[in-house]
Amino acid sequence: MKDIFDFSRFKKVLVRDYYEYIHRFGIVMLIIMLLPSLIWLLCFAIDRNLEIPVLARNIVISSVAQLSTILAPSWLYGYINMKKDGPYFASYPATYFEKFLSILLYTVVVTPIVCLAGCFLIDTLLSLLPIGGYFEFLWQSSSQYNWHITAPDTNIGNFILGIVSYSALMFFTTTIFKRHKILKTFGWSIIIGFAAIIIFFTLLPLIASAIANAFGTIENFDPKIFGEYFVERLSPLVKNFYTIWSIIKTVVFYTWGYYRMKRMRF
């Protein structure tokens with residue numbers, strides 16, 4: 001087992017990656033954590049008495065945490081396939097499995113936790129100021145956010161899984177692209193997504209035909225009945241499909257990226 005994983009070696013990898021984290025991602029993380037405060041500054045410049053709802057602040061902070069998690073693999077480990085710094089990563093005295101576990105820990109665990117903690121701290125400090133539009137703390141029970149996160153149709157697991165799958169994609173593309181890794185990843189994602197939309201609209205007549213068959217004829221189509229049918233039958237299928245698809249993407253991208261990382265040539 002020590003040939004694959006040894007705790008003392010893994011601890012050294014964590015320490016090394018910690019310093020790399022501060023060096024490569026520290027300033028970027030600080031900038032990302034300060035992004036939600038731009039809303040405070042903008043609203044303060046427009047109207048000093050303009051209140052910013054807690055729900056809006058939480059949505060922005062959540063989006064910023066997603067952004068940091070998605071960007072982390074490329075920003076932190078974008079050097080692993082580069083001729084200059086890649087050999088240093090490859091020759092470090094630890095197994096690729098230990099290095100991969102450290103990558104997972106810092107990209108999908110440490111990064112969102114640090115980002116959320118920093119954003120909440122900054123938001124709390126701004127809420128303490130006698131000026132500005134933050135009149136409530138994020139955790140106050142009067143906010144709509146508490147209803148939002150406890151709503152029956154809120155699937156936190158799928159939300160987190162979706163973020164992890166995008167982070168896995170970024171890790172995979174980090175092992176492929178040499179330059180402009182983030183831009184190329186987003187660019188190819190847009191192209192593939194556009195192709196998927198074209199395929200969907202191409203198949204739309206077949207989908208409409210299936211709906212018509214389900215209701216007998218299109219003349220018998222009742223929006224209210226279809227809405228109930230969607231909530232009871234189609235909506236769970238869509239959620240389950242999304243869960244399965246996100247799991248497949250995550251496993252495939254991490255496995256493929258790990259395979260490429262082990263066989264990196266410089």
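Guide: F5 has a relative accessible area of 22% and counts as partly exposed. This model is predicted. F5 lies in the segment before α1.

Visitor: Why is F5 called partly exposed?
Guide: Buried means under 20% and exposed means over 50%, with partly exposed in between. F5 stands at 22%, so F5 is partly exposed.

Visitor: How far apart are F5 and A94 in sequence and in space?
Guide: F5 and A94 are 89 residues apart in sequence, and their C-alpha atoms are 8.4 Å apart in space. S8 and A94 are 86 residues apart in sequence, with 9.8 Å from C-alpha to C-alpha. S8 is found in helix α1. With a relative accessible area of 41%, S8 is partly exposed.

Visitor: What elements make up the protein?
Guide: The protein has 9 helices and 0 strands. From the N terminus on, the order is α-α-α-α-α-α-α-α-α. Of its 266 residues, 35% count as buried.

Visitor: What makes R9 and E98 a salt bridge?
Guide: A salt bridge needs a side-chain nitrogen of Lys or Arg within 4 Å of a carboxyl oxygen of Asp or Glu. The N to O distance for R9 and E98 is 2.9 Å, so the pair is a salt bridge. This pair links distant parts of the chain, with R9 in helix α1 (residues 7-34) and E98 in helix α5 (residues 96-128), 89 residues apart. A search of the whole structure finds 5 salt bridges.

Visitor: Are the two partners, R9 and E98, buried or partly exposed?
Guide: R9 has a relative accessible area of 23% and is partly exposed. E98 has 0% and is buried, since buried means under 20%.

Visitor: Why can such side chains pair at all?
Guide: Side chains of opposite charge can pair when their charged atoms come close.

Visitor: How do you know that E20 and R24 form a salt bridge?
Guide: Their N to O distance is 2.6 Å, and the cut-off is 4 Å. The pair therefore counts as a salt bridge. E20 and R24 are separated by about one helical turn, because they are 4 residues apart in helix α1.

Visitor: What relative accessibility does E20 have, and what is the relative accessible area of R24?
Guide: E20 stands at 17% and counts as buried, whereas R24 stands at 24% and is partly exposed.

Visitor: Where in the chain do the partners D123 and R57 lie?
Guide: The side chains of D123 and R57 meet in a salt bridge with an N to O distance of 2.6 Å. The pair joins distant parts of the chain: D123 is in helix α5, R57 is in helix α3 (residues 54-77), and 66 residues separate them. D123 is buried, with a relative accessible area of 4%. R57 counts as buried too, at 3% relative accessibility.

Visitor: Which residues are joined into one network?
Guide: Salt bridges that share partners join E20, R24 and D85 into one network.

Visitor: What makes the phi of H180 worth a remark?
Guide: Most residues other than glycine have a negative phi. H180 is not a glycine, yet its phi is positive, at about 50 degrees. H180 is found in the loop between α7 and α8.

Visitor: Why is H180 called exposed?
Guide: Its relative accessible area is 57%, and exposed means over 50%. H180 is therefore exposed.

Visitor: Which residues make the nonpolar surface patch?
Guide: F241, I244, W245, I248, V252, W256 and Y259 make a nonpolar surface patch of about 770 Å². One of them, V252, is found in helix α9 (residues 223-262). V252 is partly exposed, at 39%. Residues of a patch need over 30% relative accessible area, so V252 passes that limit.

Visitor: What lines the second largest pocket?
Guide: The lining includes S165, Y166, I192, W245, K249 and F253. Its residues divide into 7 nonpolar, 3 polar and 1 charged.

How values were computed:
Residues numbered from 1 in each chain as written. Predicted model: local features only at pLDDT ≥ 70, side-chain atom pairs only at ≥ 80, totals over all residues. Heavy atoms only, no water. Patch = residues over 30% accessible without salt bridge, like charges linked within 9 Å, V, L, I, M, F, W, Y side chains within 5 Å. Areas by Shrake-Rupley, 256 points an atom, 1.4 Å probe, with all protein chains shown as cover. Helix = DSSP H or I, 4+ residues; strand = E, 2+ residues; numbered from the N terminus. Buried < 20%, exposed > 50% of the residue type's maximum accessible area, 1.4 Å probe, protein only. 1 Å grid on protein atoms, 1.4 Å probe; cavity = no way out; pocket = protein on both sides within 12 Å on 5 of 7 lines; lining within 4 Å. Nonpolar A, V, L, I, M, F, W, Y, C, P; charged D, E, K, R; others polar.
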